[in-house]
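Please keep the sequence and the model at hand while reading.

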Amino acid sequence: MTTLPTNDTAPAPTVFTPAAAVRGTVVVLVGRGENPGVYARFGRRLAFDGYTVVVPHADATDAEVTAALAEGEGARVLLGSDAGALRAWSIAAQNAPDALVLAALPLGDGDVPADHEAEIAARTACPIHRQVLDADPDFHWGELTGALPEHPEALPDVPTLVLHGEADPIAPVEAVRALTPDVAVVRDGVHDVLNDQFHRIVAARVITFLEGAAKGAGFVEPAAREATRSRKAAPLHVSARLDYALRAIAELIVDDAGPVRCEHIARTREIPLNSLVNIMIQLRKAGLVISRRGCEGGYQLARDAAEITLADVVRATEGAIATVPAGAPWGDLERTVREYLEERSVLELTTGSNHG
């Protein structure tokens, strides 16, 4: 565990560094009453799995948090607990990280702890963490009644893991489920879900999520959930993956002097780097781009932009032009969409031309 020098705005952040290669960087925003030392066990566990964990002081500004995120290596993940989760949510809406973890979101009307014993019971059922809080002179008791920061109405469009205790008396889980059905609920968990009695299971869930953010790994959604999501979706939906792929190809068309590195494309076209890496692999497998290794390496189009259609990109990233039920009028709809995309080349991404 180390601390980094910073300006006079807030004390230096606490940093937990992996012993070997860094897989990603997690910036942790503490909750009400907490300080970076509260997350020593959590930070060491993530560092053991290859993630640098940076815990700014509670007084750190949003600009300092954003800077810590930008300076990180690998996948850059913003994590917050309690009021820190609301801050992380707001910061992510303005400066999208590669992924977001929100723990113990203080939504809804819960119970207010009446005294020290009630607060510690509401916070954690872990005997070790109870001792840590009781022995910490920098921990501020009684702040769970404090004001909470503002937050956006909707979650940002980045991979997000929401963690919550099933028995959280401070922030009832029903209010979080009303925000999003995709909540990892810890059975019998209370408010400080990252430092509760099942902290090992929770840390493992976070690390699994981080691996997905860093490498693009994940599980196929159950068919029932996909059906539910499709009913909620708009009649025509363009995925973020397809949008990123088209942005990347547009950059390859404009910057055609030679291979273009993913870092340049991500920065210029505002694409999360780890998402872009996986997308470029898909485009390469589809024969739309070629790659070159080495210090002068990168990606470039495999053939002239005028010969690559929008339909080629859709098939490379989505697997199919459209998924519709058999029979009229859906067959006509699929054919119309396919013809529209096949008549337009990716060159139009930069020229803005159309077919009338």
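The points below begin with the chain as a whole and then turn to its cores, its charged residues, its cysteines and one loop.

The model is predicted. The protein chain has 14 helices and 10 strands, and 44% of its 356 residues are buried. Its salt bridges number 13, while the count of disulfides is zero.

**Overall fold and surface**

- Of the contacts between residues at least 6 apart in sequence, 65% join residues that are at least 24 apart.
- The protein chain has an accessible surface of about 18,300 Å². Carbon and sulfur atoms account for 52% of that surface.

**Nonpolar cores**

- The largest nonpolar core comprises 33 residues. Within this core, Phe42, Leu46, Leu163 and Leu194 have the most contacts.
- Two or more residues of this core come from each of the strands β3 (24-29), β4 (51-55), β5 (75-81), β6 (99-103), β7 (160-165) and β8 (183-186), and likewise from each of the helices α1 (40-48) and α7 (199-215).
- Helix α7 is the element that contributes most to this core, supplying seven residues.
- Leucine 163, one of the residues with the most contacts inside the largest core, touches Val101, Leu102, Ala103, Ala104, Ala184, Val193, Leu194, Val202, Arg205 and Val206, when residues up to four places away in sequence are not counted.

- Arginine 32 pairs with aspartate 82 in a salt bridge whose closest N and O atoms are 2.8 Å apart.

- Glutamate 318 forms a salt bridge with arginine 241, with 3.2 Å between the closest N and O atoms.
- This pair joins distant parts of the chain, since glutamate 318 belongs to helix α12 (residues 310-318) and arginine 241 to helix α9 (residues 240-254), 77 residues apart.
- Glutamate 318 is partly exposed at 32% relative accessible area, and arginine 241 is also partly exposed, at 36% relative accessibility.
- Aspartate 243 and arginine 247 form a salt bridge as well, with their closest N and O atoms 2.7 Å apart.
- Aspartate 243 and arginine 247 are four residues apart in helix α9, so about one helical turn separates them.
- Aspartate 243 is partly exposed, with a relative accessibility of 30%. Arginine 247 is likewise partly exposed, with a relative accessible area of 27%.

**Salt-bridge network**

- A network of salt bridges links Glu34, Glu119, Arg123 and Asp192.

**A buried aspartate without a salt bridge**

- Aspartate 98 is found in the loop between α3 and β6.
- Although aspartate 98 is buried, it has no salt bridge. Arginine 76 carries the nearest side chain of opposite charge, at 4.7 Å, whereas a salt bridge requires the nitrogen and oxygen to be within 4 Å.
- Leaving out residues up to four places away in sequence, aspartate 98 touches Gly74, Ala75, Arg76, Pro159, Pro272, Leu273 and Asn274.

**Cysteines**

- A disulfide is a covalent bond between the sulfur atoms of two cysteines. The number of disulfides in this model is zero.
- Cysteine 126 is buried, at 5% relative accessibility. Cysteine 262 is buried too, with a relative accessible area of 11%.

**The loop between α3 and β6**

- Alanine 96 lies in the loop between α3 and β6, where aspartate 98 is also placed.
- Alanine 96 is exposed, with a relative accessible area of 57%, whereas aspartate 98 is buried.
- From C-alpha to C-alpha, alanine 96 and proline 156 are 7.7 Å apart in space, and they are 60 residues apart in sequence.

How values were computed
Residues numbered from 1 in each chain as written. Predicted model: local features only at pLDDT ≥ 70, side-chain atom pairs only at ≥ 80, totals over all residues. Heavy atoms only, no water. Core = buried A, V, L, I, M, F, W, Y, C linked by side-chain atoms within 4.5 Å. Buried < 20%, exposed > 50% of the residue type's maximum accessible area, 1.4 Å probe, protein only. Contact = heavy atoms within 4.5 Å. Areas by Shrake-Rupley, 256 points an atom, 1.4 Å probe, with all protein chains shown as cover. Lys, Arg positive; Asp, Glu negative; His and termini not counted. Disulfide = S-S within 2.5 Å.
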